[in-house]
Amino acid sequence: MIIVAENKKNHYELANIAQIFFPNETITPVERLEEPPAAGETLVRTFSLAEGDRRRNRVEIRFGDGTELSGEERSDASHHESALATGRVLYRLLVQRTGRQMDWGVLTGIRPVKVARVLRKQGKTSEEIEEIFCRQYLTRPEKARLCIAADQHQAAIIDSALPHGYSLYLSIPFCPSRCSYCSFVSHSIEKTWKLIPEYLDKMLLELKDTARIAREKGLRLQTVYMGGGTPTVLTAEQLERVLSAVREEFDFADCTEFTVEGGRPDTITEAKLDALRRCGVDRVSINTQTTNDQILEAIGRKHTAREFFEAFALARTKGFHAINVDLIAGLPGEEETSFRRSLDQVIALGPENITVHSLTVKRAARLAEEKKQLLPPGERQAQATPVSAMIDYSQRALGAAGYEPYYLYRQKNTIDCLENVGYSKPGTACKYNIFIMDETHTILSVGGGGVTKMVMPGMAGEGSWDNVRIERIFNLKYPYEYISRFDTILERKQKILDYPL
């Protein structure tokens, strides 16, 4: 599909809208058509014409089979409103062509909760915000209300961010095996376990240097999060070595949360849990994704549902403030009844946090080879998909069980462009998750693939909603790169000292 739009600022959103209807096609936005499209190629043309103080926004589509559709909508003269109107016209024409309605309408961004937050800060009521979501973005009312609820539940934590506050992220990019849906930069220890000791040696040096920089900048640590990969693939001794170093090097006077993402139940042992508790870890994730053993085997998880239940029960005896469990809706081969059973079984355990992900098929994942089967074709009769039904059920069931949505984000290549939502019992929300999604809080990252985000308030560029500027510092991704080019990591980290607070 080729999209011709003279204003390059519109390219990204128009391409994203088209992609949600035609997930298996290549979408190419251009400013002008240099040559006729190939036979069978769909051509989209957009026009935005001034009419006094208004604009007429028109979209014309000629599909590969020769079918033509067109439509238009008038808007005020601002670029934002004109772009939104063009997007709505394109969306409606593609709904007409495919018979499919999308839950999020033309809202394609990663962080839709930010829209609700900005509108709330403008003085809009919940009813007014819901109406804007539905009218301007063509969002389902249920999704609008989900965003509004998430904004309300995370507001106090966002407001608790300290001046010069920051969070520390620790990356352990190793796993016992690679899941078929995974696109994170992580390596199976079956092949790379020999790298772990040297990796940890380097990581401890980076930790020490990062702590020095934080002190020199006068930064105040609020949360720590160790993720991956699967951090608990490390031995109990290795875990304690790293986490003790964090305690020794960093000032914990303002830190109120210390999380380790255990991940795989088959890596959880009593010795490791005891090591976490000795180091002051108060939150842990034990993620099963499903309690269906057949699906677990099919996606490459090397554990059973029974091992998950046993690991959860063991963690419960250790006095953690909060335990999180992840589930994924839309795993290959899993039907709605199976997903519902998994969710109901997890709710019965009573974890403080439950995170429900919609399956995302990234290019780097093994499942990308099966993408055309997982992501539906562009043209079919309108109907609720099984994954959408799973997500809707999770929202109802978790709400009925007393869980609140506290953070929400979306990803590209997610089935039906659905969302990932973290739910929590009152008073147990993960602050780090909120801070990293909100992007108004600095994150210092240590380890392979970590991304440091320096947030500078009051320095926003044009179009910023939060009046903040974000500068990113990227660590080298792969463990062997991290080790062999470690001097580069330390050099990049020095840039933190140059950024204004």
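This is a predicted model: local features need pLDDT of at least 70, side-chain atom pairs count only at pLDDT 80 or more; totals for chains, interfaces and linings use all residues.
Local features are given only where pLDDT is at least 70 and side-chain atom pairs only at pLDDT 80 or more, while totals for chains, interfaces and linings use all residues. Residues are numbered from 1 along each chain as its sequence is written, and side-chain values use heavy atoms, with hydrogens and water left out.

View 1. Helices (H or I, at least four residues) and strands (E, at least two) are DSSP runs, numbered from the N terminus. The C-alpha trace spans about 65 × 50 × 45 Å along its principal axes. Of the 501 residues, 56% are buried; buried means under 20% relative accessible area, exposed over 50%, and partly exposed in between (1.4 Å probe, protein chains only). Among contacts (heavy atoms within 4.5 Å) between residues at least 6 apart in sequence, 71% join residues at least 24 apart.

**View 2. Helix α2, residues 79-98.** The expected span of a helix is 1.5 Å times one less than its number of residues. For the 20 residues of α2 this gives 28 Å, and the end C-alpha atoms are 28 Å apart, in agreement. The helix is mostly covered, with 15 of its 20 residues buried.

**View 3. Val89 in helix α2.** Val89 has a relative accessible area of 5% and is therefore buried. Apart from neighbours within four places in sequence, Val89 is in contact with Asn57, Val59, Gly71, Glu72 and Glu73. One of these partners, Gly71, is 18 residues from Val89 in sequence, and the two C-alpha atoms are 6.1 Å apart in space.

**View 4. Lys143 in helix α5, residues 141-159.** The relative accessibility of Lys143 is 0%, so this residue counts as buried. When neighbours within four places in sequence are set aside, the contacts of Lys143 are Asp103, Trp104, Ile391, Asp392, Leu418 and Glu419.
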